[in-house]
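This report describes pockets and helix packing in one protein model. Please look at the sequence and the structure before reading on.

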Amino acid sequence: MTALPASAPYDGAVELGRWTVDDYHGLRHLRTALRRAVEEVGGAGSSADGPGYADGNAASAGEGLRSAGEGSAGPGSGLLDEDDVAERIAVVATELATNALRHGRPPVEVRLSRVGERLVLDASDHDLRAEPQFDVERPLGQGGLGLLLARTFAIEVGWYRDAAAKHVWASFPA
């Protein structure tokens with residue numbers, strides 16, 4: 001096993017959306033919500049009103065998933081040029097949330113933020129003891145490759161702890 005680099009993500013991030021995954025049933029809804037949020041990013045956080053949450057209260061977005069706010073896009077900035085960025089973020093979010101559900105302590109919180117020309121995905125759980133590890137020895141098809149997939153799809157991947165949670169993050173081009 002190889003350790004994931006320990007480092008905090010970028011300062012000054014503007015949160016675009018936050019979702020809570022209580023169980024595996026919420027993963028499909030998380031992917032859908034993240035794809036939609038990334039596709040709508042076109043200028044989120046650039047308005048005077050901040051990131052533009054539709055509702056500041058937790059609202060049900062499907063079985064096993066709670067949304068604490070939906071990101072909204074500002075008019076026409078064309079922030080994302082690559083068609084697959086939304087799908088890559090959704091896949092990595094699903095992998096990180098699955099790892100957190102399997103190896104951490106639920107609920108899992110997934111956040112999408114923007115810092116300059118990067119989108120930062122952050123998945124957290126409440127197990128402060130365990131450290132994320134790459135399983136480079138496991139054969140393909142036997143699972144355990146979520147962090148390797150994240151590292152392949154993202155620009156950077158890292159992790160950190162705060163007082164209440166362990167966070168694994170990945171950054172993508174905006």
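## The largest pocket

The largest pocket has a lining of 23 residues, and N99, H103, P132, Q133 and L147 are the ones nearest its centre. A pocket is found on a 1 Å grid over the protein atoms alone: it is an open set of points where a 1.4 Å probe fits, with protein on both sides within 12 Å along at least five of seven lines, and lining residues have an atom within 4 Å of a point. Two or more lining residues come from each of α2 (85-103), β6 (118-125), β7 (133-134), α3 (146-153) and β9 (166-173). These labels follow DSSP runs numbered from the N terminus, with helices (H or I) of at least four residues and strands (E) of at least two. The biggest contribution, 5 residues, is from α2.

The volume of this pocket is about 430 Å³; a volume is the space filled by probe spheres set on the grid points, which are joined across faces, edges and corners. Its lining divides into 11 nonpolar, 6 polar and 6 charged residues. Here Ala, Val, Leu, Ile, Met, Phe, Trp, Tyr, Cys and Pro count as nonpolar, Asp, Glu, Lys and Arg as charged, and the others, Gly among them, as polar.

## Source of the model

The model is predicted, so local features need pLDDT of at least 70 and side-chain atom pairs count only at pLDDT 80 or more, while totals for chains, interfaces and linings use all residues. Residues are numbered from 1 along each chain as its sequence is written, and side-chain values use heavy atoms, with hydrogens and water left out.

## The second largest pocket

The second largest pocket holds about 160 Å³ of space. Of the 14 residues that line it, P9, Y10, A13, D122 and Y160 lie nearest the centre. Both β5 (108-115) and β6 supply at least two lining residues, and the largest share, 4 residues, is from β5. By class, this lining has 9 nonpolar, 1 polar and 4 charged residues.

## Packing of α2 with α3

The axes of α2 and α3 are 9 Å apart and meet at an angle of about 155°. Axes are lines fitted to C-alpha atoms, for helices over the stretch in contact, and angles run from 0 to 180 degrees between N-to-C directions. The two helices are therefore roughly antiparallel, a term for angles over 145 degrees. In the contact (heavy atoms within 4.5 Å), α2 uses R88, V91, V92, E95, L96 and N99, and α3 uses G146, L147, L149, A150, T152 and F153. The contact has 7 nonpolar, 3 polar and 2 charged residues.

## Packing of α1 with α2

Helix α1 (residues 26-39) packs on α2 at an angle of about 145°, with the axes 9 Å apart. Residues of α1 in this contact include L27, L30 and L34, and those of α2 include V85, I89 and L101. The contact residues are 12 nonpolar, 2 polar and 4 charged.

## A cis peptide bond

Between P106 and P107 the peptide bond is cis, with omega near 5°. P107 is in the loop between α2 and β5.

Technical notes. Angles under 35 degrees count as roughly parallel, over 145 as roughly antiparallel, 65 to 115 as roughly perpendicular and the rest as oblique.
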